[in-house]
Amino acid sequence: MLRWLKPTLALLVAVVLAWVLNTPQGQVPPLGRLLSPYSGFWQNGETAADFPAQQTLRLPGLHQTVRVRFDDRRVPHIFADNDHDLYYAQGYLTARDRLWQMEFMTRVAAGRISEVVGERALEYDRFQRRMGLPFGAENSLREMLKNDTTRLVLESYAAGVNAYISQLTPKTYPFEYKLLDYAPEPWAPIKSALLLKLMAWDLSGRSDDLRLSNILGKYGPEVTRDLFPNFPFRADPVVPDGAPLDFQPLPVPPASPVPFAAAVSGLVPSREPDAELGSNNFALAGSRTASGRPLLANDPHLQLNLPSIWYQVQLHGPTQNVYGVTIPGAPAVIIGFNQDVAWGVTNVGGDVLDWYQLKFKDASRREYWHAGRWKPVRRVVERIAVRGRPDRLDTVLYTHHGPVVYDQNEPVFNQQTPVRHALRWTAHEAAGANEVLAFVKLNHARNYQDYNRALRTYASPAQNFIFASRTGDVAIRPNGRFPLKYAEQGKFILDGSDPKQDWQGWIPMSQTPRVLNPARGYVSSANQHSAGPGYPYYLGWDYAPWDRAHRINEQLAHMRRATADTLRVLQNDDLGLNAQLMLPWMLFTLEGTKESSDCYSYPPPHSPVSAAMRVLARWKFHYTADAVGATIFELWYQQLTKALWEDNFGKQATGLEMRYPSRDRTNQLLLYQSGDYSDCFKKASFWVDDRRTAQRETVHDLLTTSLQFAMDSLTRKFGPLGPKWAWAHQKSTDINHLAQLPGFGHQDVWSGGSPGSVNATGARNGPSWRMVVDLSTPVRAYGIFPGGQSGNPASRYYDDMLESWRTGQLDELVFLQAADENHPRLQAAWRLEK
């Protein structure tokens, strides 16, 4: 009996060990499969043999042979004889490089992350569905499939993705599937539609309606109008005020005669789209360029991740030859150029998302009051699959406005979301909208008229589409589907029972702000106000500060005989206009004059604060990586802003969820309403005093305490004032893996720029793609993004462009005219055959 004990125990241990190694343990994947030398992550290593210079692939579903050339950045240049094969090949090759990324992002949009990681993502999935991202994607897809062109594009692209997926085995799955222990699923056109809705959320999903309603309820309309104006003190709009209107405006809907007093709320914001997401684009007319032909530049500012958000591709078909970038999972080219035109985008930031406070008939919430009667609520049951748990059923209520994101009090995932409020959002609308068709038409465009026609179906998220053509046109328009509103409609919570507060129609696409070939010789946008006060429609009130836009226009206005490199240098401009405006005043007000010494005492000349002031006085307002002045100023200014507003608009002080006035209004108050030394600042605005203290503070007090706070914080963080206080250390730009996997990103990238400079590189956001196009003959273009073409962390093409991006360089883009063209940077030639 004993002689069987040892082998039995050994067998039992082996069985248990095999079970443990091949079974997920909580959040830990099956280590046996992950570490297996035959099918584990070791197989994801990449060698030259994995990407041969010559290769023929046989792919079911192709109609004819497709030729693909790859350059030294592994950008595919696809040559096809028909459109089906062109988009099929685009889908296949994009999946080959970025399958996990494109599939994971569609799960994010659809609210399906719980299927992969389990219960910890349940509330996130509920939120995505309750916000209506899948609802909007389904509406958009129905519209797109009605069109023969977009149906062919979407279905061909999906077939190409599925051709690649069908070749995979667990051994060849991308690394992230192995780590997270799941398998890719077939691609379908709905996934491409979901990606567009995810972009709409990132770029138009912020809302201050709740905060502004709380401010209005607490301080009244006069204060709210003063501190939160519809148009800023300093402005440089996309379409300059006074630009001629070539249309007869529609009548603006009348406002409801009874102001609506929304219920106040103390909800705390969390997980909103980042306010720093923005972009620059600008184009110079030929009269200002060395070649006599237009130049166009674009750098969209989005979250910096690996794999990169963009994927480069050239598409050459029977009726097009286009190069640019697209989002993996979306067909066609989103930002790019062809032989005749170039285009780019920046976010508009208009008010296209509104909240309606509802009145339900009773606790069952099956009817709501609107237009003098009870109307039925539509109930939609969402089935959420949760890994390792039973499916979760979640009922979402819909009114004619849209979904009721949260219909009862609960520990909601996104806690700034109003409860028992319906959401009206352009991302849910579909009639007449077809974003894929707009991009396909832009890819084929030959002139301004083609650009004009292409944008008629582009709805959401609204974008400033910039354009230039080889024939000399430059143009820009904030384009999208904008509700026809009365002034300030949607700036505050709206009354869901009042039909006068419903959206009353749409601004015609032909009447959005626009400018073509302005006399000044350039067009540009940087997320600032779309148009001046003379534009007849209300588009919104809260846009990016004027800094980037003004700096860009200031530089463009002085350009003569500009080249592509001139615009590259402008894209990397790191001057901070906010610092240039405010720092001299801050230093003067803090230091004062000999005559004003009876008001305040000043820091000793050898104190750390005095040393910091000397550093600031020498700083030239450029946010270079090594700038110590930038570090001190930014923290000082941020703390000054907090000291000014926190006692009246902070959550702890008021018990309500509010927001601070804009930077523009803050600067206006500090510069012109904070008093001066002549009366020891006694005539300062009411807002300067901190009402939480017994004494009456002056702006000198705020400057003193906020600078001391900045100095103490930086000393604790970096030690005594010195080179360690460099701006790059304080800013700490991180480019993380999309799934936040440690070790697969880059931390503390040494780079300059700031969210307020043209080179808008911040801690987590920045120029996600820089492009400059010279529309001379032949067209020449340059571009870079902070990563690489491959989504495989083991590939040298995962992040091979990062260093060029960090130092502000651009690659010359290889724009081929024929499949057999010779070019020194071409490295591989493949044939895809049926």
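# Briefing: loops, cores and cavities in a predicted model

Proline 461 sits in the loop between α12 (448–454) and β18 (463–469); helices (H or I, at least four residues) and strands (E, at least two) are DSSP runs numbered from the N terminus. This is a predicted model, in which local features need pLDDT of at least 70, side-chain atom pairs count only at pLDDT 80 or more, and totals for chains, interfaces and linings use all residues. Residues are numbered from 1 along each chain as its sequence is written, and side-chain values use heavy atoms, with hydrogens and water left out.

**Confidence**

- The chain has a mean pLDDT of 91, and 91% of its residues reach 70 or more; pLDDT is the predictor's confidence in each residue, from 0 to 100.
- Residues 17–21 have pLDDT below 50. Beyond near neighbours in sequence, this stretch has 6 contacts in the model; contact means heavy atoms within 4.5 Å.

**Cis peptide bonds**

- Serine 460 and proline 461 are joined by a cis peptide bond, with omega near -5°.
- The bond from threonine 777 to proline 778 is cis, with omega about -5°. Proline 778 lies in the loop between β26 (770–774) and β27 (780–784).

- Arginine 365 has a positive phi, near 55°, and is not a glycine. Its place is the loop between β11 (353–357) and β12 (367–370).
- Arginine 365 counts as buried, at 18% relative accessibility. The cut-offs are under 20% relative accessible area for buried, over 50% for exposed, and partly exposed in between (1.4 Å probe, protein chains only).
- Arginine 561 also has a positive phi, about 55°, without being a glycine. This residue is in the loop between α13 (547–557) and α14 (564–571).
- Arginine 561 counts as exposed because its relative accessibility is 60%.

**Nonpolar cores**

- A nonpolar core is a set of buried Ala, Val, Leu, Ile, Met, Phe, Trp, Tyr and Cys residues joined through side-chain atoms within 4.5 Å.
- The largest such core has 163 residues. Those with the most contacts inside it are Ile78, Met131, Trp310, Phe337, Trp425, Leu556 and Leu567.
- Helix α3 (residues 83–110) gives the most to this core, with 15 residues.
- Tryptophan 425 touches Met131, Leu133, Ala200, Trp201, Ser204, Val352, Leu353 and Trp503, leaving out residues up to four places away in sequence.
- A second, separate core has 59 residues, including Leu577, Leu635, Trp636 and Leu644.

**Cavities**

- There are 7 cavities of 30 Å³ or more. On a 1 Å grid over the protein atoms alone, a cavity is a set of points where a 1.4 Å probe fits but cannot get out; lining residues have an atom within 4 Å of a point.
- Grid points are joined across faces, edges and corners, and a volume is the space filled by probe spheres set on the points.
- The largest cavity holds about 210 Å³ of space. It is lined by 20 residues, of which Met199, Leu203, Ile334, Val345 and Gln463 are the closest to its centre.
- The elements giving two or more residues to this lining are α9 (189–204), β4 (278–284), β5 (295–303), β10 (341–347) and α11 (435–444).
- The lining divides into 13 nonpolar, 6 polar and 1 charged. Ala, Val, Leu, Ile, Met, Phe, Trp, Tyr, Cys and Pro count as nonpolar, Asp, Glu, Lys and Arg as charged, and the others, Gly among them, as polar.

**Covered helices**

- Helix α16 (residues 608–618) has Val609, Ser610, Ala612, Met613, Val615 and Leu616 as its buried residues. Their cover includes α15 (577–591), α17 (628–649) and α20 (699–718).
- Helix α19 (residues 663–672) is mostly covered, with 7 of its 10 residues buried. These are Asp664, Arg665, Thr666, Asn667, Gln668, Leu669 and Leu670.
- What covers the buried residues of α19 includes α10, α15, α17 and α20.

**Two buried sites**

- Valine 238 lies in the loop between α10 (209–227) and β4. This valine is buried, at a relative accessible area of 1%.
- Valine 238 and serine 524 are 286 residues apart along the chain, yet their C-alpha atoms are separated by 6.4 Å. Beyond four places in sequence, the contacts of valine 238 include Asn464, Ile476, Arg520 and Ser524.
- Aspartate 734 is in strand β23 (residues 733–737). This aspartate is buried, with a relative accessible area of 15%.
- Leaving aside neighbours within four places in sequence, aspartate 734 contacts Leu304, His746, Gln747, Asp748, Ala763 and Arg764.

Conventions:
On a 1 Å grid over the protein atoms alone, a cavity is a set of points where a 1.4 Å probe fits but cannot get out, and a pocket is an open set with protein on both sides within 12 Å along at least five of seven lines; lining residues have an atom within 4 Å of a point.
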